[in-house]
Amino acid sequence: MSLLDAEAIRAAAALEGLRIDTVDEIGSTQVLMDAPLGPDPAPPRLLAAARQTAGRGRRGRAWLSPEGRSVAFSVAVERRVRAQQPPAAIALAVGAAAAGALACWAPEVRLKWPNDLMLEGRKLGGILVECRRGLPEAGTDGSVIERIVVGIGLNLFAPPVGTIGQSGRGLFDDDAPPAGATEAIIGVLGEATVTTVRRFFDEGLAPFVQAWRRLDALAGEEVALLDGGRIIAAGRSLGLDVSGGLRVQLADGIRVVHSGEVSLRPLDALR
């Protein structure tokens, strides 16, 4: 018997056409990136694991997913594209949607740029987005299948001190989780992810910017910009730019930084 109930996840997601698979243990649910691309966009797929042994986050960081203490799943959404650039800033849109989806368990969930879910100033979870494209076939219109895989890791209980690079928080640190909470969380987050990615495909980041700004955990706070753990600049966070970058007031002016360049921490946490 599987440790996760796929039917309970399906009921919570209530999204027609969503394929749901569960495993007891896997290296990383981002393995969805590796499945062969077909000639047409495949229906959305969700893969959830009770335990990840080699989960990863942004910039190659490890993400620990011990059984019974965390949620780990990935969602794959495909479309046909031509020459446009791969979509950027999907993690921001998914973050805003995820915070809303989690409100019935924790209405105080906030966002830390670019991809962290926060609760009471500590890291609750993270979002990883990866993209894969096929090759155009001779004699066709040049379009290809693009697969976006969104991985979400969420702490049900706080990880041990020192196991992640910042202070962690669990969704149920204060109260025991209700029966079936793990599957319900995966289901509602999975539905929110598919719906958000599809809307992002059509409308870009714009519909999500105001929600993200309302949920910004560090708006107006003193922050440090880090590159590989080294502080390269410090200033005051001015919030999300419409392009998905973060506006930071530095001593020599305002700088817009992007997620591939740096990491962000509250300055007080590094003192």
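A search of the whole structure finds 15 salt bridges. By salt bridge I mean a side-chain nitrogen of Lys or Arg within 4 Å of a carboxyl oxygen of Asp or Glu.

Some ground rules. This is a predicted model, where local features need pLDDT of at least 70 and side-chain atom pairs count only at pLDDT 80 or more, while totals for chains, interfaces and linings use all residues. Residues are numbered from 1 along each chain as its sequence is written, and side-chain values use heavy atoms, with hydrogens and water left out.

Start with Arg45. Arg45 forms a salt bridge with Asp21, and their closest N and O atoms are 2.9 Å apart. The two sit 24 residues apart, Arg45 in strand β2 (residues 45-52) and Asp21 in strand β1 (residues 19-26). Strands here are DSSP runs of E, at least two residues; helices are runs of H or I, at least four residues; both are numbered from the N terminus.

Next, Arg79. Its partner is Glu146, with closest N and O atoms 2.7 Å apart. Arg79 lies in strand β3 (residues 70-81) and Glu146 in strand β7 (residues 144-155), so this pair ties together parts 67 residues apart in sequence. Are they buried or exposed? Arg79 is buried, and so is Glu146. Buried means under 20% relative accessible area, exposed over 50%, and partly exposed in between, with a 1.4 Å probe and protein chains only.

Now a loop pair. Asp141 and Arg82 meet in a salt bridge at 2.6 Å, N to O. Asp141 is in the loop between β6 (122-133) and β7, and Arg82 in the loop between β3 and α2 (90-101), so parts 59 residues apart are tied together. Asp141 is partly exposed at 47%. Arg82, at 52%, counts as exposed.

There is also a network. Salt bridges link Glu120, Arg169, Asp173 and Asp174.

On to the domains. The domain assignment gives domain 1 (4-213) and domain 2 (219-268); such bounds come from an automatic or database assignment. Their C-alpha centres lie 24 Å apart. In contact, meaning heavy atoms within 4.5 Å, are 14 residues of domain 1 and 19 residues of domain 2.

How many salt bridges cross the interface of domain 1 and domain 2? The rule finds 0. On the side of domain 1 that touches domain 2, helix α4 (residues 209-214) gives the largest share, 3 residues.
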